[in-house]
Amino acid sequence: MIKAEYIWVDGTKPTAQIRSKTKILAKGEEPPGWGFDGSSTNQAEGSASDCVLVPVRTYHDPIRGADNILVLCEVFNVDGTPHESNTRRELAPVAALHEDQDVWFGMEQEYTLVNLQANPVGTIASRSDNKFRSLPQGPYYCSAGYGLAIGRDLVETHLDFCLAAGIRVSGINAEVMPGQWEYQVGPSSALKVSDDLWISRYLLHRVSEWHHMVVTFEGKPAEGDWNGAGCHTNFSTREMRDSYVACEEAAIALGERHQLHIENYGAGIEHRLTGAHETCSYKEYRYGVFGRGTSMRIPWQVEREGEG
Ligand code: MG
């Protein structure tokens, strides 16, 4: 027998949560569809609470090891229609439509390790105002050392698990705020990178259980002079990889629907994209071949080499 961990994205708003439960399967058995109580995951009313899990991609389970698997699922209603929280169903046909462009996505997932009181780990909360104290920003980014690279054990374990699961991770680094880290997923196709990103987040939460730290993807986990955390997207099409002109055209095209993109990025983006802390304000759209204060940055090598 093997253990199959069925994993799905729930209906919590404004930010969806990852849920999972275990099904015991015979070795070699194709994971079948399954069900769950949608009234406990913000996906159904109590009166008709059944939701359906449809397996879409399996991974090796690096935590349980042996032949055990992780099973990423899409959520459907009992009548066979996709559940409204199932945005993967909307993505699949769009990705198929542009297959000839061999589109690559690379996601830079930033996150912050906090304690149960929501203070960043490794910092001292003052009793009176519950605000954390530490050295100001500066020494943490890509740092080494106790008190600087905070939570590295967790980060390294997560990286090993991702690689063992078959997730395409391309790097990690300590970030600007204490207890803040980043890992990069991709470059991969739209569906592969999305699936990998959700499973990597799931593994991160699982690892956090042993380290007694909470992983938050919140855009602005600490008020004040601290960087926020986001998920920058690296993107190219076949055309962009061949020509700099196509890169500029893409940058201009993205600007035309800036407002729509901001509205759909995720909760709290306005607290992160303030125009300070290496960001461009969420109110404006800028692109360019320079620094990090842009919405859309074309790397300098791309301009020099004339292709992306
Ligand atoms: Mg970063």
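# Briefing: magnesium site, helix packing and backbone geometry

Asp102 lies in the loop between helix H1 and strand S6. That residue has a positive phi of about 45 degrees, although it is not a glycine. The model is predicted. The points below cover a magnesium ion coordinated by Glu110, Glu175 and Glu182, the packing of helix H3 against H2 and against H1, two cis peptide bonds, at Lys13-Pro14 and Gly186-Pro187, and the positive phi values of Asp102 and His212.

**Magnesium site**

- Glu110, Glu175 and Glu182 each coordinate the magnesium ion through OE, at 2.0 to 2.2 Å.
- Along the chain, the spacing of these donors reads E-x64-E-x6-E.
- Glu110 sits in strand S6 (residues 104-114) and Glu175 in the loop between strand S9 (169-174) and strand S10 (180-188), so this pair ties together parts that are 65 residues apart in sequence.
- Glu110 has a relative accessible area of 6% and is therefore buried, the cut-off being under 20%.
- Glu175 is also buried, with a relative accessible area of 7%.

**Packing of H2 with H3**

- Helix H2 (residues 152-165) packs with helix H3 (residues 190-211) at an angle of about 140 degrees, and the axes are 9 Å apart.
- This angle makes H2 oblique to H3, because an angle has to be over 145 degrees to count as roughly antiparallel.
- The H2-H3 crossing is right-handed.
- On the H2 side, the contact is made by Asp153, Leu154, Thr157, His158, Phe161, Cys162 and Ala165.

**Packing of H1 with H3**

- Helix H1 (residues 88-97) and H3 have axes that come within 9 Å and cross at roughly 150 degrees.
- Arg88, Leu91, Ala92 and Ala95 in H1 meet Ala190, Leu191, Ser194 and Asp195 in H3.
- The residues of the H1-H3 contact comprise five nonpolar, one polar and two charged.

**Cis peptide bonds**

- Most residues other than glycine have a negative phi, and most peptide bonds are trans.
- Lys13 and Pro14 are joined by a cis peptide bond with an omega of about 5 degrees.
- Pro14 is located in the loop between strand S1 (2-9) and strand S2 (18-25).
- A cis peptide bond also joins Gly186 and Pro187, where omega is about 0 degrees.
- Pro187 belongs to strand S10.

**Positive phi values**

- Asp102, with its phi of about 45 degrees, is partly exposed, at a relative accessible area of 33%.
- His212, a residue other than glycine, has a positive phi near 55 degrees.
- His212 lies in the loop between H3 and strand S11 (214-216).
- His212 has a relative accessibility of 69% and so counts as exposed, the cut-off being over 50%.

Terms used
Residues numbered from 1 in each chain as written. Predicted model: local features only at pLDDT ≥ 70, side-chain atom pairs only at ≥ 80, totals over all residues. Heavy atoms only, no water. Donors = N, O, S within 2.8 Å, 3.2 Å for Na, K, Ca; no water. Helix = DSSP H or I, 4+ residues; strand = E, 2+ residues; numbered from the N terminus. Buried < 20%, exposed > 50% of the residue type's maximum accessible area, 1.4 Å probe, protein only. Axes fitted to C-alpha atoms, helices over the stretch in contact; angles between N-to-C directions. Parallel < 35°, antiparallel > 145°, perpendicular 65-115°, else oblique. Left-handed = near helix turned anticlockwise from the far one by under 90°. Contact = heavy atoms within 4.5 Å. Nonpolar A, V, L, I, M, F, W, Y, C, P; charged D, E, K, R; others polar.
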